[in-house]
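Biologist: I would like to learn how to read a model like this one. Please take me through it feature by feature.

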Amino acid sequence: MLDLPYDFDSLIAAGSMSGSGAIIVLDDSADIVQALSNIAEFYAHESCGQCTPCREGSLWMAKALHRLTHGEGRKNDADYLVRIADNIPGGRTICAFGEACSWPVQSFVAKFKEEFVARGAADEESRAGQGAGPTAAMKIAASPLD
């Protein structure tokens with residue numbers, strides 16, 4: 001992918017796209033989960049709230065990523081994020097913003113899923129090692145948006 005020409009046809013052939021045409025350059029020390037969390041937070045903030053899939057989906061993705069970046073992740077958060085992102089586009093929103101907010105999640109998780117799973121698993125392990133009592137266990141099993 002590093003030698004891939006940045007043009008429409010090359011990106012489509014590689015299973016990607018240029019989106020809005022913006023490029024974000026990260027070096028290999030970047031925290032991919034944190035980078036996506038930052039992007040998702042932007043989209044959740046910028047959603048006009050007029051249509052439910054975008055309003056709720058962008059917020060749910062941002063909250064799940066917030067969990068992952070604050071030691072409260074779950075090993076199934078990667079799949080959870082993709083399920084949300086896959087249910088926003090496809091003519092379910094009034095404008096293209098909903099589709100745009102799902103693309104980074106779909107792309108990041110497709111390319112770096114192991115980082116999201118590892119982060120969530122480590123968080124679960126850490127909580128289990130702390131001897132989570134019944135109240136903490138109930139909170140962990142509660143709504144994915146807590």
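The dialogue below goes from fold to core, salt bridges, cysteines and pocket.

Biologist: What should I know before reading any values?

Modeller: This is a predicted model, so local features need pLDDT of at least 70, side-chain atom pairs count only at pLDDT 80 or more, and totals for chains, interfaces and linings use all residues. Residues are numbered from 1 along each chain as its sequence is written, and side-chain values use heavy atoms, with hydrogens and water left out.

Biologist: How many helices and strands does the secondary structure of the chain hold?

Modeller: Start with the rule. Helices (H or I, at least four residues) and strands (E, at least two) are DSSP runs, numbered from the N terminus. Here the chain has six helices and zero strands. Its pattern along the sequence reads α-α-α-α-α-α.

Biologist: What share of the residues counts as buried?

Modeller: Buried means under 20% relative accessible area, exposed over 50%, and partly exposed in between (1.4 Å probe, protein chains only). Of the 146 residues, 31% count as buried.

Biologist: And the contacts?

Modeller: Contact means heavy atoms within 4.5 Å. Take the contacts in the chain with a separation of 6 or more: 62% of them join residues 24 or more positions apart.

Biologist: Which residues have the most contacts inside the largest nonpolar core?

Modeller: The general idea is that nonpolar side chains tend to be buried together in soluble globular proteins. A nonpolar core is a set of buried Ala, Val, Leu, Ile, Met, Phe, Trp, Tyr and Cys residues joined through side-chain atoms within 4.5 Å. The largest one here has 24 residues, and those with the most contacts inside it are M61, L65, L81, V105, F108 and F116. Two or more residues each come from α2 (32-46), α3 (52-69), α4 (77-86) and α5 (97-129). The largest share, seven residues, is that of α2.

Biologist: Which residues is L65 in contact with, leaving aside its neighbours within four places in sequence?

Modeller: L65 touches V33, L36, S37, A40, L81 and F116.

Biologist: How many salt bridges does the structure hold?

Modeller: Four. A salt bridge is a side-chain nitrogen of Lys or Arg within 4 Å of a carboxyl oxygen of Asp or Glu. One of them pairs R67 with D77, with the closest N and O atoms 2.6 Å apart. This pair links helix α3, which holds R67, to helix α4, which holds D77, across ten residues. Both R67 and D77 are buried.

Biologist: What parts of the chain does the pair of K113 and D79 tie together?

Modeller: Their side chains meet in a salt bridge at 2.7 Å, N to O. K113 lies in helix α5 and D79 in helix α4, so the bridge joins parts 34 residues apart in sequence. K113 is partly exposed, at 34% relative accessibility. D79 is partly exposed too, at 37%.

Biologist: What does R55 form a salt bridge with?

Modeller: E56, with 3.2 Å between the closest N and O atoms. R55 is partly exposed at 31% relative accessibility, and E56 is partly exposed at 25%.

Biologist: How many disulfides does the rule count?

Modeller: A disulfide is a covalent bond between the sulfur atoms of two cysteines. The rule used here asks for a pair of cysteine sulfur atoms within 2.5 Å. The count comes to zero. For C54, the nearest cysteine sulfur is that of C101, 4.6 Å away. C54 is buried, at 4% relative accessibility. For C95, the nearest is that of C51, at 6.0 Å. C95 is partly exposed, with 44% relative accessible area.

Biologist: Where is the place of C48?

Modeller: C48 sits in the loop between α2 and α3. Its relative accessible area is 63%, so C48 counts as exposed. The C-alpha atoms of C48 and F97 are 9.1 Å apart, and the two residues are 49 apart along the chain.

Biologist: Where does F8 lie?

Modeller: F8 is in helix α1 (residues 8-13). F8 is exposed, at 62% relative accessible area. F8 and S18, ten residues apart in sequence, are 7.0 Å apart in space, C-alpha to C-alpha.

Biologist: Which element gives the largest share of the lining of the largest pocket?

Modeller: That is α5, with nine residues. On a 1 Å grid over the protein atoms alone, a pocket is an open set of points where a 1.4 Å probe fits, with protein on both sides within 12 Å along at least five of seven lines; lining residues have an atom within 4 Å of a point. Grid points are joined across faces, edges and corners, and a volume is the space filled by probe spheres set on the points. The largest pocket holds about 1600 Å³ of space. It is lined by 34 residues, and S16, M17, I24, S107 and F108 are the closest to its centre. The elements giving two or more residues to this lining are α2 and α5.
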